[in-house]
Amino acid sequence: MIRVDIETIIMVGGPMPSVIVLRERGDKSASEAPLRALSIQTGAFEAASIGRGIDRPSGERPITHDLMTEVISQLGGKLERVEIDRVDAPVFYASLVMASGSEATQDGEAPVPATAREIRIDARPSDALALAVRSNAPIYVEDDVMNRAGSISYQAEGDAEEELARFDRFVENLSPDDFS
């Protein structure tokens, strides 16, 4: 699994889909390879909900994703992570990986601690991302999904000249075996 962050939300009106761009987190000391990005198309309302979760406006009434986050919390659960785990182009699939370990009651008796367990729930990537930003949960993409549907992320984090030089060094060291 590859840890990613939401790089950009491209909001589009009308019949065109909005796009969520996820960017691979990079450890600069680990590799000279450029970071990769994954673009996922979604509807305008879904993209707006993800953006709202990032911006966190205060004092407004909760929308569905805010409500779901609160319900999970009140029931003693926790969103551990979101995984984008499959692609069947153009459809992406995601899972919510949750921890359950709340106190439970049995036949009116006092609460007893439940054993923590991991629960996986199938979700649309847009819903999973909207919950992740509200819960501060990490986002992961399956290696195969990134390899099949990802692209090179051209956003430079530092000096553009240094980024281009790093890319040139990476390309110079490629061999035909890297593509098999």
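Ile84 has Ala94 of β5 as its bridge partner. The strands in this account are DSSP runs of E with at least two residues, while helices are runs of H or I with at least four, both numbered from the N terminus. This is a predicted model, in which local features need pLDDT of at least 70, side-chain atom pairs count only at pLDDT 80 or more, and totals for chains, interfaces and linings use all residues. Residues are numbered from 1 along each chain as its sequence is written, and side-chain values use heavy atoms, with hydrogens and water left out.

Strand β4 (residues 77–88) and strand β5 (residues 91–100) run antiparallel and are joined by 10 bridges; two strands pair if DSSP finds at least two bridges between them. The two form a hairpin, with 2 residues between them. Strand β5 is also joined to β8 (residues 117–123), again antiparallel, by 7 bridges. In that pairing, Ser95 has Asp122 of β8 as its partner.

What does Ile84 touch? Leaving aside residues up to four places away in sequence, its contacts (heavy atoms within 4.5 Å) include Leu22, Leu38, Phe92, Pro125 and Val141. The largest nonpolar core has 28 residues, of which Leu22, Leu38, Ile84, Leu96 and Val141 touch the most other members. Helix α3 gives the most to this core, with 5 residues. Such a core is a set of buried Ala, Val, Leu, Ile, Met, Phe, Trp, Tyr and Cys residues joined through side-chain atoms within 4.5 Å.

Helix α3 (residues 125–135) is mostly covered, with 9 of its 11 residues buried, that is, under 20% relative accessible area with a 1.4 Å probe, counting protein chains only. Among them are Leu129, Leu131, Val133 and Arg134. After α3 comes Asn136, whose phi is positive, near 55 degrees.

## A charge over a ring

Arg86 lies over the face of Tyr93, 3.8 Å from the ring centre. The test asks for NZ of Lys or CZ of Arg within 6 Å of the ring centre and within 35 degrees of the ring normal.

## The chain overall

The chain has 5 helices and 10 strands. Of its 180 residues, 29% are buried. Among contacts between residues at least 6 apart in sequence, 57% join residues at least 24 apart.

Methods
Buried means under 20% relative accessible area, exposed over 50%, partly exposed in between (1.4 Å probe, protein chains only).
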